[in-house]
Amino acid sequence: MIRIKKTCLFTPQAVESLSIEQQRQLLFFWTSVKYLPSDGFGGLASKLYIYKVSESADRLPSSHTCFYRLCLPAYPSLKVTRNQLQKITQEHVSCSFGTW
């Protein structure tokens, strides 16, 4: 289950538009979990949270992996949200985070 705090309007659609591999990389960026457990999101140690932060919309998303929190600026459109998520799911970016 994903809880969205201070709604980030375009996030669900942007995540759905990512490839499966990009979604896996986003999960890792968000939680430092490489793959979902066999029982899906319910098998994670915590719910996933999305927080809207007051940073500029040109900033990339950030995360608090210990608390399963993805922090997103208020991106003005689905296109911008998708582009920013794609930047953090690029192989050379996600591989430098943790040990992918």
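Reader: Which residue stands opposite Cys 71 in β4?
Author: Opposite Cys 71 stands Tyr 51; strands here are DSSP runs of E with at least two residues, helices are runs of H or I with at least four, and both are numbered from the N terminus. This is a predicted model, in which local features need pLDDT of at least 70 and side-chain atom pairs count only at pLDDT 80 or more, while totals for chains, interfaces and linings use all residues. Residues are numbered from 1 along each chain as its sequence is written, and side-chain values use heavy atoms, with hydrogens and water left out.

Reader: How many bridges join β2 to β4, and do they run parallel or antiparallel?
Author: Strand β2 (residues 48-53) is joined to β4 by 5 bridges, and the two run parallel; two strands count as paired if DSSP finds at least two bridges between them.

Reader: Why is β4 described as largely enclosed?
Author: Because 4 of the 5 residues of β4 (residues 69-73) are buried, the strand is largely enclosed by the rest of the structure. Buried means under 20% relative accessible area, exposed means over 50%, and partly exposed lies in between, using a 1.4 Å probe and protein chains only.

Reader: Switching to helices, which residues of α2 are buried?
Author: In α2 the buried residues are Gln 25, Leu 26, Leu 27, Phe 28, Phe 29, Trp 30 and Thr 31, and the helix is followed by Ser 32, whose phi is positive, near 60°.

Reader: What span should α2 have?
Author: At 1.5 Å a residue, the 12 residues of α2 (residues 20-31) should span 16 Å, which agrees with end C-alpha atoms that are 16 Å apart; the expected span is 1.5 Å times one less than the number of residues.

Reader: Last one, in what order do the elements run?
Author: From the N terminus on, the order is β-α-α-β-β-β-α-α, and buried residues make up 32% of the 100 residues in the chain.
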